[in-house]
Amino acid sequence: MARVVVDVMLKPEILDPQGKAVAQALPRLGFDGITAVRQGKRFELEVDGEVTEERLAQIRGAAETLLSNPVIEDFTVRVEEA
Amino acid sequence: MRVGVVTFPGSLDDVDARRAVAVAGGEPMRLWHADEDLRYVDAVVLPGGFSYGDYLRAGAIARFAPVMSSVVQAARGGTPVLGICNGFQVLCESHLLPGALIRNDHRKFVCRDQELVIENSTTAWTGGYAAGQHLVVPLKNGEGGYVADDVTLDRLEGEGRVVARYVGQNPNGSYRSIAGVSNERGNVVGLMPHPEHAVEELTGPTTDGLAFFTSVLRATVDA
């Protein structure tokens, strides 16, 4: 079993109201020095067997089709070492 | 004239949409998300609500419901399709319409009677309006901010595909105050406000929304 992690983030030019709300809450709680927050999503995919190039290509396809919306989001795919 | 209204798990406004079709003089048909076929309807409405709990992204899972393959195919063939609110989100996720809808810039759910101006009265769903006509219909959304890149926005404006725009204060941060857009052919329209809640004096702020539903009846009779 291996784990593939897909991180999805809003594109930089798309407004992130949730991240902004978090950024505004931090100094209120005394966490200073953080100038901006962007909030994204992390998907952990458990993969049966070895993570081949073919399997990774398949996962990229899934990330592009379902896990992210390419109109507003970017994604990265990486294999997490056990 | 049969207008199918799709019910997804989590749809809220399917009953009002069917009622609006009936008030307009059409025959509303129920379509279920798990249906494969469209039961020979002449037009389709994707209603508002929170399909699949808005999990992942609003409309992202509904877009892959079995019925949507048929809706996408019919839309490409010219069948009129109207997506209202969550239905608009589903149409964007399906790539039948460009752009996407994100959380309101002020982060609060907005629910109010909203003034709109109809900019394109040549689509299948807006033929009963005059270009420049103002209407007031309910607006209720948490993720109603319409976004697209500048190239896409310029193209939409250039091709007259901005169907409706918000008048006055922008209620949700939509780029260029866009409330609704259409595809190139004008048979597919996505709209964030809710015309189906403004078809009867007893329950709506106005009856300004009714013409969306009478327009499509006329459009399909003429076609």
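How many salt bridges does the rule find across the interface of chain A and chain B? Keep that question in mind while you colour the two chains, and remember that this is a predicted model.

**Stop 1: the salt bridge.** The answer is one salt bridge between chain A and chain B. Select Glu73(A) and Arg57(B) to see the pair, whose closest N and O atoms are 3.8 Å apart. Polar contacts are counted too: five residue pairs make them between chain A and chain B.

**Stop 2: the chain A side.** Now highlight α1 (17-28), β2 (41-47) and α2 (53-67) of chain A, the elements that each give two or more residues to the side touching chain B. Of these, α1(A) gives the most, with five residues.

**Stop 3: the whole contact.** Show both sides together, and you have 18 residues from chain A and 15 residues from chain B. The area buried between the chains is about 1400 Å², and carbon and sulfur atoms give 65% of that. Next, select Pro17(A), Leu66(A) and Asn69(A), which supply 33% of the area that chain A buries against chain B, more than any other three residues.

**Stop 4: the largest nonpolar core.** Move on to Leu46(B), Met68(B), Trp125(B), Tyr146(B) and Phe213(B), the residues with the most contacts inside the largest nonpolar core, which has 66 residues. Helix α2 (residues 66-76) of chain B gives the most to this core, with six residues. Zoom in on Met68(B): beyond its neighbours within four places in sequence, Met68(B) is in contact with Phe8(B), Leu46(B), Ala62(B), Arg63(B), Val90(B) and Ser94(B). There is also a second, separate core of 11 residues, and you can find part of it by selecting Ala2(A), Val8(A), Phe43(A) and Leu56(A).

**Stop 5: a covered helix.** Is helix α3 (residues 86-93) of chain B mostly covered or mostly uncovered? Mostly covered: eight of its eight residues are buried. Click along the helix and you will pass buried residues including Phe88(B), Val90(B) and Leu91(B), as well as Asn86(B), Gln89(B) and Glu93(B). You have already met Val90(B), as one of the residues in contact with Met68(B). Finish at His95(B), which follows α3(B) and has a positive phi, near 65°.

Technical notes. Residues numbered from 1 in each chain as written. Chains lettered and ligands numbered in written order. Predicted model: local features only at pLDDT ≥ 70, side-chain atom pairs only at ≥ 80, totals over all residues. Heavy atoms only, no water. Contact = heavy atoms within 4.5 Å. Buried area = accessible area lost by both parts, 1.4 Å probe. Salt bridge = Lys/Arg side-chain N within 4 Å of Asp/Glu carboxyl O. Polar contact = N/O pair within 3.5 Å; in protein donor to acceptor, adjacent residues only side chain to side chain. Helix = DSSP H or I, 4+ residues; strand = E, 2+ residues; numbered from the N terminus. Core = buried A, V, L, I, M, F, W, Y, C linked by side-chain atoms within 4.5 Å. Buried < 20%, exposed > 50% of the residue type's maximum accessible area, 1.4 Å probe, protein only.
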